[in-house]
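Q: Please take me through this model one feature at a time. I would like the general idea before each case.

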Amino acid sequence: PADVVTDGVVWLPKALALAGLASSNGEGRRAIEQGGVRVDGVPVAPDTLEMPVEQLVGRVLQVGRRKYAKIVSIG
């Protein structure tokens, strides 16, 4: 959804929550900080809470081993 994007940047915890990969923004933030989030199999740095839209569209966002979603379009 468009409310996740601000100035071409996505706030990852909210994106995880809206995609159903985390139950809340806080859980999404903790998953990132603990190294449990990957984009196309590459771990997201623990201090990365925002990413440019271009780095997410068409990629697979994964939390843990079993939760994943392909980001088709943002906004």
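Predicted model: local features only at pLDDT ≥ 70, side-chain atom pairs only at ≥ 80, totals over all residues.

A: Residues are numbered from 1 along each chain as its sequence is written, and side-chain values use heavy atoms, with hydrogens and water left out.

Q: In what order do the four strands of the open sheet that includes E4 lie?
A: Strands of a sheet pair through backbone hydrogen bonds, either parallel or antiparallel. Here strands are DSSP runs (E, at least two residues), as are helices (H or I, at least four), numbered from the N terminus. Two strands pair if DSSP finds at least two bridges between them. The order is E4-E3-E6-E7, with antiparallel pairing. Strand E4 (42-43) and strand E7 (67-70) each have a single partner strand, so one side of each is left without a neighbour in the sheet. E3 and E6 are joined by three bridges, and Val37 has Val63 in E6 as its bridge partner.

Q: How many residues does the largest nonpolar core have?
A: A nonpolar core is a set of buried Ala, Val, Leu, Ile, Met, Phe, Trp, Tyr and Cys residues joined through side-chain atoms within 4.5 Å. Buried means under 20% relative accessible area, exposed over 50%, and partly exposed in between (1.4 Å probe, protein chains only). The largest core has 19 residues, and Leu16, Val37, Leu56 and Leu61 have the most contacts inside it. Helix H1 (12-18), helix H2 (25-33), strand E3 (37-39) and strand E6 (60-63) each supply at least two of its residues. H1 gives the largest share, three residues. Contact means heavy atoms within 4.5 Å. Beyond four places in sequence, the contacts of Leu16 include Ile32, Val37 and Leu61.

Q: Why does Leu18 count as partly exposed?
A: Leu18, in helix H1, counts as partly exposed because its relative accessibility is 48%. Beyond four places in sequence, Leu18 is in contact with Pro1, Asp3 and Val4.

Q: What lies 2.8 Å from a polar atom of the Gln62 side chain?
A: The backbone oxygen of Gly64 does. Gln62 itself is in strand E6.

How values were computed:
Polar contact = N/O pair within 3.5 Å; in protein donor to acceptor, adjacent residues only side chain to side chain.
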